[in-house]
Amino acid sequence: MINGIWLGMILIGFVFAAVNGRMDEFTAAVFDGAKSGVTVSFGLISVLVFWLGIMRVAEDAGLLRKIAKVLGPVVSFLFPDVPKGHPAIGYILSNMSANLLGLGNAATPMGIKAMQELQTLNPDKETATPAMCTLLALNTASITLIPATLIAIRLNYGSADPAGIVGTTLAATAVATIAAIAADRLFRRLTIMRRPPKPPAVKSGDSARGSTALPHSSLKG
């Protein structure tokens, strides 16, 4: 789907450039974009490697375990239908920790593993569970303490104050996370309200009396 969208955009740009006689500008833009992509990628590699190394040091030092203990009650509240001690909990905690540091590329593999583990608890493999929806919402709008990736991009493009977005990013992601959690709770409640009520259980005594009782009309005869 994404590949088709990008291909369509490239073809539309090519057609418009050909019609307007601006093929030279189109070609220059393509090569400039490719060059910028490579430059930005190399700039991100150094920052991501640094923060991934910091996370590895934190893991070996036991810091991530302490973070997991702090976030444990939060995860239990957000994912009440996931059993305690399930492998998905560990991957969810790792995903949240990486997002707190703004390491989206590092958080993605943990999020995928968490989804795979949550799928093992899914009775309907074709439909996402509430826990899956909660994880997706949190991963998309996660609160970020240190936007490492954005800082690296700003640094790569020569920003005078690359870390100047820390405060605004924290505020924006905090609002987004609160909105995501509120929407998730609302849709969970609506889902429960829309479930068809269970039929009342028939007592064995009532069923027995119903099977042996004669119709009222037959008593007249």
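Is Arg22 buried, exposed or partly exposed, and what is its relative accessible area? I looked this up to get started: Arg22 is partly exposed, at a relative accessible area of 46%.

**Ground rules**

I am working with a predicted model, where local features need pLDDT of at least 70 and side-chain atom pairs count only at pLDDT 80 or more, while totals for chains, interfaces and linings use all residues. Residues are numbered from 1 along each chain as its sequence is written, and side-chain values use heavy atoms, with hydrogens and water left out.

**Entry 1: the whole chain**

I began with the secondary structure and found 10 helices and zero strands. Helices (H or I, at least four residues) and strands (E, at least two) are DSSP runs, numbered from the N terminus. I then looked up how much of the chain is hidden: buried residues make up 26% of the 221 residues.

The chain exposes about 15,200 Å², and carbon and sulfur atoms supply 70% of that area. Accessible areas come from the Shrake-Rupley method with a 1.4 Å probe, and for residues only the protein chains shown count as cover.

I also checked contacts, meaning heavy atoms within 4.5 Å. Among contacts between residues at least 6 apart in sequence, 66% join residues at least 24 apart.

**Entry 2: Arg22 and its partner**

Back to Arg22, which forms a salt bridge with Glu25, their closest N and O atoms being 2.7 Å apart. A salt bridge is a side-chain nitrogen of Lys or Arg within 4 Å of a carboxyl oxygen of Asp or Glu. I found Glu25 partly exposed too, with a relative accessible area of 47%. By this rule I count four salt bridges.

**Entry 3: around Arg188**

Which residues are linked with Arg188 in a network of salt bridges? I noted Asp81, Asp184 and Arg185 together with Arg188.

Asp81 forms a salt bridge with Arg188, the closest N and O atoms being 3.9 Å apart. Asp81 lies in the loop between helix H3 (63–78) and helix H4 (87–100) and Arg188 in helix H8 (residues 166–194), so this pair ties together parts that are 107 residues apart in sequence. Asp81 counts as partly exposed at 38% relative accessibility, whereas Arg188 is buried at 15%.

Asp184 also bridges to Arg188, with the closest N and O atoms 3.2 Å apart. Being four residues apart in helix H8, these two are separated by about one helical turn.

Arg185 has another neighbour: its charged end sits over the ring of Phe77, 5.2 Å from the centre. A charge sits over a ring if NZ of Lys or CZ of Arg is within 6 Å of the ring centre and within 35 degrees of the ring normal.

**Entry 4: two rings**

I looked for aromatic pairs next, and the count came to one. Phe14 and Phe26 form this pair, which is edge-to-face, with 6.0 Å centre to centre and 70° between the planes. The rule is that rings of Phe, Tyr and Trp (its six-membered ring) pair if their centres lie within 6.5 Å; planes under 30 degrees apart count as stacked, over 60 as edge-to-face and the rest as tilted. Phe14 is in helix H1 (residues 2–19) and Phe26 in helix H2 (residues 23–61), 12 residues apart. Phe14 is partly exposed at 41%, and Phe26 is partly exposed at 22%.

**Entry 5: the two sides of H6**

Which residues of helix H6 (residues 130–140) are buried? I listed Ala131, Met132, Thr134, Leu135 and Leu138. They cover an arc of only 160° around the axis, which puts them on the same side of H6. The arc is that of the directions from the helix axis to the C-beta atoms. On the other side of H6, Leu136 and Thr140 are exposed.

**Entry 6: two loop residues**

Ser142 has its place in the loop between H6 and H7 and counts as buried at 13% relative accessibility. Leaving aside neighbours within four places in sequence, Ser142 is in contact with Asn99, Leu100, Thr173 and Thr177.

Tyr157 is found in the loop between helix H7 (148–156) and H8, and counts as exposed at 56%. Not counting residues up to four places away in sequence, Tyr157 touches Ser36 and Val40.

Note on methods: Buried means under 20% relative accessible area, exposed over 50%, partly exposed in between (1.4 Å probe, protein chains only).
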